[in-house]
Amino acid sequence: MTVSAASSSTATTSSTSSSSDTSRTTLSSTDFLQLLVSELQNQDPLNATSVTDFINQMTSYANFTSQQSLNSSMTSLAGSFSSLVTLNSVNYIGHTVEAKSDTAVLSNGSATFGYSLSSAASNVSISIKDSSGSTVWTGTGTGNKGANSITWDGTDSSGNQLSDGGQYTISVTATDSAGTSVLNYTTITGTVTGIDTSTSTPSLTVGGIPVSASNIIGVTS
């Protein structure tokens with residue numbers, strides 16, 4: 001009789017588990033407890049689960065529950081942080097900012113770039129490429145320690161005026177007297193015209209270029 005009852009219980013548990021598997025693909029805390037109880041009910045009396053194994057399983061359950069709670073909290077926190085970043089980013093709209101980037105849009109016949117040097121440079125070479133990767137202008141720049149800037153007038157190396165709206169990328173090579181690179185990063189300057197929230201990390205539209213709010217290093221006006 002005992003064997004028959006155990007078989008019935010096992011069948012019922014199996015049926016319930018199968019039904020649960022077809023309706024859900026995640027393991028809840030209730031499911032976890034049911035699995036432990038089923039294991040105790042159906043274990044081999046001659047080879048029962050040791051106390052150590054049982055404690056390890058209970059520890060796994062505790063860690064599982066804590067992880068589920070942590071995941072939920074982190075998801076909520078990430079959502080709040082994203083909303084906060086978006087709210088703070090609104091304050092930049094309409095202001096001219098300087099941001100870490102190497103690409104700018106030619107507007108009104110010019111584009112303003114910048115670059116930061118860790119120490120004074122004896123040689124600074126600058127090249128500007130169009131969106132296809134072709135070099136349209138080369139020249140030299142100042143080599144002062146700290147911030148330096150260059151306003152490109154939108155003409156190519158042959159003196160032809162390029163059309164507004166194109167995206168151009170600056171490349172700076174700056175070395176000291178020993179030939180060691182002293183370039184920190186390049187920047188662009190432009191007016192913030194909007195915010196893009198289509199990705200998990202909102203970005204600002206600076207002169208038509210998407211820029212992360214974390215890359216803004218200054219507000220000039």
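Which residues line the second largest pocket? In this predicted model, the lining consists of A104, V105, S107, S110, A111, T112, I188, T189, G190, T191, V206 and G207. The space in this pocket comes to about 180 Å³. Three elements, β2, β3 (111–117) and β8 (183–196), each give two or more residues to the lining. The largest share comes from β8, with 4 residues. By residue type, the lining divides into 5 nonpolar and 7 polar residues, with no charged ones.

**The open sheet**

Strand β2, which contributes to the pocket lining, also belongs to an open sheet of 4 strands. The order in this sheet is β2-β7-β4-β5, and the pairing is antiparallel. Its edge strands are β2 (103–105) and β5 (135–140), each of which pairs on one side only. From one strand to the next, the twist averages 25°. Between β4 (residues 123–129) and β5 there are 5 bridges, again in the antiparallel sense. Within this pairing, S127 stands opposite T138 in β5.

| Strand pair | Bridges | Sense |
|---|---|---|
| β3 and β6 | 7 bridges | antiparallel |
| β8 and β9 | 4 bridges | antiparallel |
| β9 and β10 | 4 bridges | antiparallel |

Towards β8, S116 has Y185 as its bridge partner. Strand β3 is largely enclosed by the rest of the structure, because 6 of its 7 residues are buried.

Strand β8 is joined in turn to β9 (residues 203–206).

**The aromatic pair**

How many aromatic pairs does the structure hold? There is 1. Such a pair is described by the distance of the ring centres and the angle of the planes. For W152 and Y168, the ring centres are 5.0 Å apart and the planes stand at 65°; edge-to-face requires an angle over 60 degrees, so this pair is edge-to-face.

Where do the two residues lie? W152 is in strand β6 (residues 146–152) and Y168 is in strand β7 (residues 167–175), so the pair ties together parts that are 16 residues apart in sequence. Strand β6 is the partner of β3 in the table above, while β7 belongs to the open sheet.

Are W152 and Y168 buried or exposed? A residue counts as buried under 20% relative accessible area. W152 has a relative accessibility of 2% and therefore counts as buried. Y168, with a relative accessible area of 8%, is buried as well.

Terms used. Residues are numbered from 1 along each chain as its sequence is written. This is a predicted model: local features need pLDDT of at least 70, side-chain atom pairs count only at pLDDT 80 or more; totals for chains, interfaces and linings use all residues. Side-chain values use heavy atoms; hydrogens and water are left out. Two strands pair if DSSP finds at least two bridges between them. Axes are lines fitted to C-alpha atoms, for helices over the stretch in contact, and angles run from 0 to 180 degrees between N-to-C directions. On a 1 Å grid over the protein atoms alone, a cavity is a set of points where a 1.4 Å probe fits but cannot get out, and a pocket is an open set with protein on both sides within 12 Å along at least five of seven lines; lining residues have an atom within 4 Å of a point. Grid points are joined across faces, edges and corners, and a volume is the space filled by probe spheres set on the points. Ala, Val, Leu, Ile, Met, Phe, Trp, Tyr, Cys and Pro count as nonpolar, Asp, Glu, Lys and Arg as charged, and the others, Gly among them, as polar. Rings of Phe, Tyr and Trp (its six-membered ring) pair if their centres lie within 6.5 Å; planes under 30 degrees apart count as stacked, over 60 as edge-to-face and the rest as tilted. Buried means under 20% relative accessible area, exposed over 50%, partly exposed in between (1.4 Å probe, protein chains only).
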